[in-house]
Amino acid sequence: MTQAYPPVLKLTRISRSFGKVKAVNNVSLQIDRGEVIGLTGENGAGKSTLLKILAGIERPDEGTMEINGKVANFRSPNDAFKAGVGVVHQEQSLFTNLSVAENIEQQNQSRMGLERFGFQNWKRINADAAAVLKKIGVNLDPKARVGDLSFVDRQMVEIARAVCVEPGGDGTPLIILDEPTAVLEQAEVEVLEREILKLKKFASVIFVSHRLDEVLRICDRVLVMRHGVLTSDRSTEGVTKDELFKAMVDDAPTVSTHARSSRPIELKPAIEVQGLTMKGKFRDISFAAYPGRITALVGTNGSGRGRIMRALFGAEEFDGGTIEVAGKPVHNWSIRKAVAAGLAYVPAERKVEGMIGGYSGTRNIALVHPGEAARGQILRPGKMAETAQSWFDRLDVNPNNIKQPLDQFSGGNQQKVVLAKWLNSSDLKVLMLDHPLRGLDVGVSQAVNAEIRKACDHGTAVILIPDTIEEALEMADEIIVLRDGQLSARHDLSVASDLAIKEIVAEMV
Amino acid sequence: MAFLTKLREFSAWHTVAPPLVFFAMLLVVGVFNSNYLGPLGISIATASAAPILLVALGQSMVLNIGSIDLSNAAISLVGAILLAMTIPAFGVGAMIAVLALLTVIGAINGLILAYTHVPSFALTLGTLGILQTTALVVSGSETIYLSENRELVTTLYSAKLFYIPLTFWMGVVVAVAYWVLLRLTRVGQNMTAVGKNESGAILSAIPTKWVKVIAFAISGFTGGLAGIAIVAQAGSASASGLGSALLLPGIAAALVGGTSISGGLTNPLNVVFGALTVAFVPIAIQAIGFNAAAQSLVYGIFIIAVVTLTTTRTRGLVIK
């Protein structure tokens with residue numbers, strides 16, 4: 001690690017905006033040979049965008065990036081790969097019906113000697129893959145089918161693929177692991193940790209994780225991001241978890257429970273779950289949501305909160321526990337039954353699941369609860385347009401055109417229509433929202449939050465998965481914290497006076 | 001190409017393109033043989049278009065939910081054979097019974113699709129084979145002629161209203177009915193929603209399985225009507241006779257009528273013009289005087305050109 005080598009990665013004042021949101025704001029950093037860097041921060045802090053810039057998926061608006069001393073202007077993931085940046089993505093991207101060797105070779109762009117007379121040179125492919133696996137010290141059969149491997153072994157194949165990058169000359173590969181431990185069991189995490197230490201011998205590593213214990217154990221240095229800004233860059237020696245929390249969350253460390261409307265606490269929950277369990281996903285979840293109250297489910301991406309919400313809506317199976325709606329236990333729960341019982345669900349994947357993009361606002365709103373706009377099976381076009389127009393006006397949807405296909409609207413305006421689709425019910429009992437503010441700017445976020453509160457004031461029970469803890473504190477009457485598929489804490493905000501954000505973060509990781 | 005792109009982005013284009021294409025073709029043929037511009041042309045085009053139209057209407061309802069029904073023309077043929085066998089004895093009752101049976105066959109296609117997740121292309125390729133054999137076995141590989149009650153059916157073909165046979169009018173009525181179903185009922189709205197985005201439809205509590213069963217049942221029912229049109233025209237039915245090659249013209253007519261092969265977009269009224277165009281192309285080729293050997297070539301090129309004109313650019317880069 002002498003200074004004879006240029007840094008493996010050097011970022012100078014890198015910025016990237018989406019609309020008005022600065023996802024990455026003026027980030028400068030440097031990574032040297034053989035360093036293992038931890039990157040952490042809350043959801044939406046800008047980690048993913050920064051990774052995408054490094055991986056050639058996004059291009060920075062400003063700033064320069066140097067890899068192994070050379071200025072890099074990536075136009076595609078392939079450019080990044082050629083420059084020596086290998087990424088292990090959060091979602092595994094392997095071809096499960098191909099062999100380990102085929103998966104590794106697929107990434108290998110040079111393909112020198114891998115084809116002979118236009119045919120695959122299997123001997124060579126398998127030998128090359130074996131060499132790569134040996135280099136990273138993994139004992140796997142190159143001919144094994146990836147689909148037959150365990151999750152952690154597949155992660156090793158992903159890493160093998162990533163280390164095939166070609167930094168060229170005496171450059172050092174940069175391997176990025178994007179939350180590799182989120183879905184691993186404890187024993188598997190240890191396998192992965194040992195692997196990262198092996199990588200150190202010939203590569204530099206960026207390790208993204210929410211779990212501070214792991215970061216402190218594995219990494220030489222830890223970077224913390226908040227609202228797109230790099231707020232901390234420290235050696236892991238001598239830094240405490242507490243100091244890192246402070247860098248992760250906003251300066252105001254505690255919030256007083258603000259003047260919450262005097263929502264009466266009814267004794268009968270709108271929906272109640274007891275011991276809800278899905279093997280390998282979540283375990284023994286019990287809580288209740290009351291009319292007129294907002295319950296926030298807080299946790300990291302791997303905490304299982306999204307799946308729990310989908311299970312409540314009948315969109316995901318569960319193998320243990322009970323759900324009671326309005327005091328009655330449910331059987332053979334399904335989306336259709338859930339909606340008939342007055343449940344609504346605004347999914348995180350808005351474009352894919354939340355709406356019918358090719359359909360107009362009018363049609364989308366008439367889809368679930370047409371109300372006046374349908375008499376039995378028969379639709380009444382006049383009433384449909386009237387209903388849609390009143391929602392477009394009330395939520396200030398822009399452009400104010402109820403006939404335009406929804407996929408031509410911006411994300412925020414789409415979300416307003418998705419909300420309208422559910423709020424158009426005359427009998428909404430439970431409103432569940434998964435990341436309702438994702439990708440929305442401040443103005444639209446306030447409008448969406450106002451509608452959520454309004455529904456609440458009308459006696460709907462709201463269950464919310466917020467983007468940030470601040471959002472939870474602002475909106476919720478009760479916060480339920482989940483960690484690794486289990487309930488780790490609950491806070492009743494109508495009673496508790498002061499609650500530290502870092503306290504909640506500590507319960508999450 | 002820029003002009004073509006602009007034309008296809010014009011918002012009302014996909015509603016006017018199919019009739020425009022048909023009338024343009026009629027005009028061109030009229031230049032070669034002015035007889036086609038009068039009653040003769042209308043009569044010939046609509047008569048040969050009727051079975052194609054009915055098969056295409058069923059097909060476009062299935063394409064609209066994002067599936068495909070390769071068996072619907074075979075359903076028509078089985079229907080035609082059953083009709084030819086039973087009408088002499090049972091008259092109108094036979095027609096109703098056969099239509100009901102074919103609707104059930106279509107619904108079974110839909111049920112298998114909904115509950116086994118076999119892709120509709122593979123599933124209906126299978127039922128196509130089963131139905132072809134059924135047609136051979138039921139008919140004993142012979143042509144079945146209508147004896148009694150013959151005029152009960154053939155009148156549908158020979159009786160004309162404004163030079164157009166009743167079989168074609170039947171198609172027009174069905175097209176209007178399906179337009180109303182898709183645009184003005186919840187089940188129709190749900191069908192289109194499934195075709196546009198099935199995940200979104202599921203999470204909007206749309207009964208997607210029922211939507212599939214209903215769409216395929218409709219395809220079976222409409223195939224039965226095509227069977228009636230076949231028997232009306234030929235006065236007989238056989239496994240290799242009139243109507244045995246309706247599958248591909250049916251799909252072509254749906255596409256030429258502006259139906260999207262990837263789902264979520266169809267207008268049954270335009271499928272009427274799609275069927276007219278597809279049925280008229282072979283007639284036009286003859287009228288213009290192309291060599292008989294080149295007919296398939298011209299037909300193929302023409303279909304590609306017309307579908308290029310009549311589809312809308314809604315799916316961006318995704319090409320299936």
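This is a predicted model: local features need pLDDT of at least 70, side-chain atom pairs count only at pLDDT 80 or more; totals for chains, interfaces and linings use all residues.
How many bridges join strand 24 of chain A to strand 25 of chain A?

**View 1. Strands 24 and 25 of chain A as a hairpin.** Strand 24 covers residues 478-483 of chain A and strand 25 covers residues 486-492. The two strands run antiparallel, and six bridges join them. A:Glu478 has A:Asp492 of strand 25 of chain A opposite. Two residues lie between the strands of this hairpin. In the turn, A:Asp484 has a positive phi of about 50°.

**View 2. Helix 7 of chain B and its surroundings.** This helix spans residues 150-158, and its buried residues are B:Val153, B:Leu156 and B:Tyr157. Seen down the axis of helix 7 of chain B, the buried residues fall within an arc of 100°, so they line one face of the helix. An α-helix has 3.6 residues a turn, so residues three or four places apart point the same way. B:Glu151 and B:Thr155 are exposed on the other side of helix 7 of chain B.

**View 3. The contact between chain A and chain B.** Chain A gives 23 residues to the contact, and chain B gives 18 residues. On the side of chain B that touches chain A, helix 9 (186-196) and helix 10 (198-203) each supply at least two residues. The residues on this side of chain B comprise eight nonpolar, eight polar and two charged. For the complex, the predictor gives an ipTM of 0.83 and a pTM of 0.73.

**View 4. The domains of chain A.** The domain assignment divides chain A into domain 1 (1-84 + 170-249), domain 2 (94-165), domain 3 (267-342 + 427-509) and domain 4 (358-423). Taken over C-alpha atoms, the centres of domain 1 and domain 4 of chain A are separated by 43 Å.

**View 5. Stretches of chain A and chain B with pLDDT below 50.** Chain A has a mean pLDDT of 84, with 90% of its residues at 70 or more. Within chain A, confidence is lowest in strand 13 (residues 254-256), at a mean of 41, and highest in strand 19 (residues 343-346), at 95. Over residues 252-259 of chain A, pLDDT stays under 50, and the model has 14 contacts beyond four places in sequence for this stretch. Chain B averages a pLDDT of 86, and 93% of the residues score at least 70. Over residues 314-320 of chain B the pLDDT is below 50, and this stretch has five contacts in the model beyond near neighbours in sequence.

Methods. Residues are numbered from 1 along each chain as its sequence is written. Chains are lettered from A and ligands numbered from 1 in the order in which they are written. A residue is buried if 20 or more other C-beta atoms lie within 10 Å of its own, exposed if 12 or fewer, and partly exposed in between; C-beta atoms are placed from the backbone. Helices (H or I, at least four residues) and strands (E, at least two) are DSSP runs, numbered from the N terminus. The arc is that of the directions from the helix axis to the C-beta atoms. Two residues are in contact if their C-beta atoms, placed from the backbone, lie within 7 Å. Two strands pair if DSSP finds at least two bridges between them. Domain bounds come from an automatic or database domain assignment. pLDDT is the predictor's confidence in each residue, from 0 to 100. Ala, Val, Leu, Ile, Met, Phe, Trp, Tyr, Cys and Pro count as nonpolar, Asp, Glu, Lys and Arg as charged, and the others, Gly among them, as polar.
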